[in-house]
Amino acid sequence: MALHVIAFSPTGTSLRTARAVAEGFGAGETVVHDLTLPKGCGETAVPRGDVAVVAVPVYGGHVPQPAAERLRRVHGDATPAVAIVVYGNRACDGALAELDALLRGQGFRVVAAGSFVGEHSYSTAGSPIAAARPDAADAAVAKRFGEAVRRKVDAGAPAEVDVGRIAKSAGPVLGRLRFVWGVVKLLCSGNMGPKRPSADAELCSGCGSCAEVCPAEAVISGTETDAERCIRCCACVKACPSGARTFATPFSELLSRSFPDRKEPQTLL
């Protein structure tokens, strides 16, 4: 039995979480399918006798479109799968249900699920949002989850789960109301922020790191980004060695103020 780690992970949080689950699972062979970049995302089959751990980030409460498109090239054969979403400390909304439906449509049997927290794409030093997560505590939860999944699989004929039963980390009501009110004010002002990162031409060295990590192939050059293709994952911002790229969205401060309290991973077996 091999374990297949399948992840779309522009800033690395989803892949790190999936790897921690895989570590706990302890398969003799672990195969990693990184769907983050378009190249190499061909048709893939995961055999019935293996197990898949599938992890994606949550963008605006949904599975990112590129992730969904690439997962449709991955096929199971009644293969047991673990569905994992990683969100930035606000909420995973309907993303886990979307991932569950997608995996079932691709021939997988979802036998376990989890919602984990990772540093938000919009997090900055001045407006931190789940900064540096997943951390050691998150990794420990993921590892224990992987161990539990292994026990369930080893027991034979693992039953599918209803992902709608997973515990929700709603957080304090005041924070949620603050966020909703903040969004309303932004809508009324017409200032919903930029649709793509910006770049300082004087700081840009032309190294190409931004283009190399862009999952949507939206980076035209070190200083230009196609707003129509950009998914605002901020991989280019976090990868820029000279700090030339920034994404000055008002949502950074709003999310940081509304959801400062640590939310914990939730799992379902």
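**Helix packing and salt bridges**

Helix 1 crosses helix 4 in a right-handed manner (the near helix is turned clockwise from the far one by less than a right angle). The model is predicted: local features need pLDDT of at least 70, side-chain atom pairs count only at pLDDT 80 or more, and totals for chains, interfaces and linings use all residues. Residues are numbered from 1 along each chain, and side-chain values use heavy atoms, without hydrogens and water.

Helices are DSSP runs of H or I with at least four residues, numbered from the N terminus. The axes of helix 1 (residues 13-25) and helix 4 (residues 136-154) come within 6 Å and cross at roughly 50°. Axes are lines fitted to C-alpha atoms over the stretch in contact, with angles from 0 to 180 degrees between N-to-C directions.

The structure holds 13 salt bridges (a side-chain nitrogen of Lys or Arg within 4 Å of a carboxyl oxygen of Asp or Glu). One joins Asp100 to Arg104, with the closest N and O atoms 2.8 Å apart. Both residues lie in helix 3 (residues 95-105), four residues apart, about one turn of the helix. Asp100 is buried, at 10% relative accessible area, whereas Arg104 is partly exposed, at 31% (buried means under 20%, exposed over 50%, partly exposed in between, with a 1.4 Å probe and protein chains only). Asp154 pairs with Arg150 at 3.0 Å. These two are four residues apart in helix 4.
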